[in-house]
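Hi everyone, thanks for coming along.

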Amino acid sequence: MKVRILGCGGSFGSPLAWGKNGNININNSKNHRTRSSILINVNDKNLLIDTSPDLRSQLYNAKCIKIDAVLFTHEHSDHTAGLPDMRAMSLINQSIIPAYLSEDIKESMIRNYKYIFDGHKDYSPFMTLKTINNNFLIDDVKIETFKHNHGSIDVQSYRINNFAYSTDIKNFYENDIDKLKDLDLWIVGLLRYDPHPSHAGFEQIIDYIKYIKPKKTIFTHMTALLDYEELLSKCPENIEPAYDGMTINL
Ligand SMILES: [Zn+2]
Ligand SMILES: [Zn+2]
C-alpha cells in the first residue's frame, strides 16, 4: 500500500495570500500547502480521500490518471469543492466513479453537485453516490470507518489495514479511539498549536498519539501558523509534519 499526501494545508491553504505568511518560512517549499487530501494505492486501486479545491493540480503532480473511488470525510468545502475535477478522471477512463459518504452529508452534496450525480441537460452523470454506515468493502479492500467530532459536525475517520486518516478532529466519541490501535501510520489533522473550537490543539493531539501509539504519525491540515521546521523540532520521535507530495510506503 502507498499513501501520497496530495495536500496538507488547512482550509485557506498556506501561505494565506501574497505576503500573508503567518509564521512560515516561505523559502521552504514544505511550507507551501494546498488543501488537504490523500491518494491511497492499495491492491492496484487508487482511492482518493476528499476532493480539495486544489484537486486538479494535485492529481497532475502525482501523475495520477485514474481514480477508482472517492471517500469523503465531511462536507466542508476545503474537502469537497474539487469534486467537479473528477470529470476528467471519468472521461479518461470511461468510468462512473463511486463517491462514498455518510448519510448526514448526502443531501447537501446532492444539492451542491446535482449535475455530477444526476446529470443535467447535455451533461451525463459521472459519479455515483454510495452511502456508508459502518465498515464496508471496495472490491477486495476493507474500509473501516467511524465518526469523530469536529465542533458542531462529525467527520469520518477511515482505516485501511494498518493505516488510518483522521482529519479535522476535535474529539473522539466514547471508546472509538481504540479502533486506531496497532497502526503503522496515523495521519491526523493539526490545524495550529492552540486549540480551536472545531480542532484539537497540539497538546491534545499528542495525548491521542501517546494513547494510540502508532508506529508513525504525520500531521496534516496545517495553517500558515505552523512552520515545518519549527513544528518538526517540537515533535517527539516518530511524529512529523506532512508536506505536499510526501509519499509513504506501507
Ligand atoms: Zn478542513
Ligand atoms: Zn472541516
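Let's begin with strand β11, residues 185-189, and strand β12, residues 216-220: these two run parallel and are joined by five bridges. Keep in mind as we go that this is a predicted model.

Then look for Gly 189, which stands opposite Thr 220 in β12. How does the chain get from β11 to β12? It passes through helix α6, residues 202-212, and this β-α-β crossover is right-handed.

Now, is β12 mostly covered or mostly open? It is mostly covered, with four of its five residues buried. If you are wondering what counts as buried here, the cut-off is 20 or more other C-beta atoms within 10 Å of the residue's own.

On to the next neighbour. β12 also pairs with β13, again in the parallel sense, and here there are three bridges. One pair to pick out is Thr 217, which has Ile 239 of β13 as its bridge partner.

The strands we have been looking at belong to an open sheet of seven, and its order is β7-β8-β9-β10-β11-β12-β13, with mixed pairing. Which strands sit at the edges? They are β7, at 136-138, and β13, at 239-241, and each of them pairs on one side only. From one strand to the next, the twist averages 25°.

Finally, the whole chain. In total there are seven helices and 14 strands. The radius of gyration is 17 Å, close to the 18 Å that the globule rule gives for 250 residues, so the chain is as compact as a globular protein of that length. Along its principal axes, the C-alpha trace spans about 55 × 45 × 35 Å.

How much of the chain is buried? Of its 250 residues, 40% count as buried.

Notes:
Residues numbered from 1 in each chain as written. Chains lettered and ligands numbered in written order. Predicted model: local features only at pLDDT ≥ 70, side-chain atom pairs only at ≥ 80, totals over all residues. Pairing = 2+ DSSP bridges. Axes fitted to C-alpha atoms, helices over the stretch in contact; angles between N-to-C directions. Buried ≥ 20, exposed ≤ 12 C-beta atoms within 10 Å, placed from the backbone. Right-handed = clockwise from strand over helix to strand, strands pointing away. Rg over C-alpha atoms; globule rule 2.2 N^0.38 Å.
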